[in-house]
Amino acid sequence: MRKVLTVGTISADEGKISGCAAYVAAGLVKLGVGAAVCAKIKQEDSEAIRAFFAENGIDDEMLFTDGERFDLNLSGISAVFVTGDFAVNDLGFGLLKDFREKCESLQIPLILATSNHSESPDRINNAASGANVFLTSIEDAQKLCGLSDAKEIAEHYLSLGAHKIVVTLDKQGAFYKSRVECGSAPTFRADRVVDTTGAGDAFAAGLTSGIIEELPLGEAVVRANACGCMAIQHEGLYMPTADKLREYMLSHRFVVDGCKDF
């Protein structure tokens, strides 16, 4: 089984887990992809976080508590997914160069996702320059590079050195561009909208699963759109299984001019 390492910051507040890295990993497991998380956590949060990982089938061997040495072991890893909150903190920013070098030497993709980290544009932009895949929302990108057109945003980050760019466009789906592909992927029709929480994590899990399967970028983005659209139709965190995702994509049409249901 292919396995993705997600790298980010994770915490627990009264047993409730916070952190994109944890939820993307949970989404990957539901899609049939192995997942591990590399993060430094507080000792008092360890029990709750490890319980969440056990419940969701996530490998916790690379969780480190305060005082332990942060180490990155890429043995058996097919891709590394790095969250924006990790890229902007002092620990993560200092380690990203080593991450990129290890990924390059092993020829595995490094995927970087932003999440409202406009307060540290220099660090995010620096990290994006070494990413195989840079995932950002149109709102984040406007704050990070000052551009408002998805195509111009993609061209900007390609010029910085990123290999593939995906810009999410909320109800309009997503725009993607690489050196060989360019296009817009519409979203899917939602039968109902219940809760938009976690839709971005579901999108990221769908995209990452497509990347490690070496799908064309456009196909991976279509899959990601479907995962995000399925997530908003359920209460709380929802990640589809591979079978449910396949069924949904076969039975629901695209909404080319934007989802009217939310």
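Okay, ground rules. The model is predicted, so local features need pLDDT of at least 70 and side-chain atom pairs pLDDT 80 or more, while totals for chains, interfaces and linings use all residues. Numbering runs from 1 along each chain as its sequence is written, and side-chain values use heavy atoms, with hydrogens and water left out.

Let's start with Thr114, in the loop between β7 (110–113) and α5 (121–128); helices (H or I, at least four residues) and strands (E, at least two) are DSSP runs numbered from the N terminus. Thr114 is buried, at 12% relative accessible area, where buried means under 20% with a 1.4 Å probe, protein chains only. Beyond its neighbours within four places in sequence, Thr114 is in contact with residues including Gly84, Phe134 and Asp140, contact being heavy atoms within 4.5 Å.

Next, the cores: sets of buried Ala, Val, Leu, Ile, Met, Phe, Trp, Tyr and Cys residues joined through side-chain atoms within 4.5 Å. The largest has 57 residues, and among those touching the most other members are Ile10, Phe53 and Leu207. Helix α9 (residues 217–231) gives the largest share of this core, ten residues. A second, separate core has 40 residues, including Leu5 and Ala154.

So how do α8 and α9 sit together? The axes of α8 (residues 199–212) and α9 come within 7 Å and cross at roughly 150°; axes are lines fitted to C-alpha atoms over the stretch in contact, with angles from 0 to 180 degrees between N-to-C directions. That makes the two helices roughly antiparallel, the label for angles over 145 degrees.

Technical notes. Buried < 20%, exposed > 50% of the residue type's maximum accessible area, 1.4 Å probe, protein only. Parallel < 35°, antiparallel > 145°, perpendicular 65-115°, else oblique.
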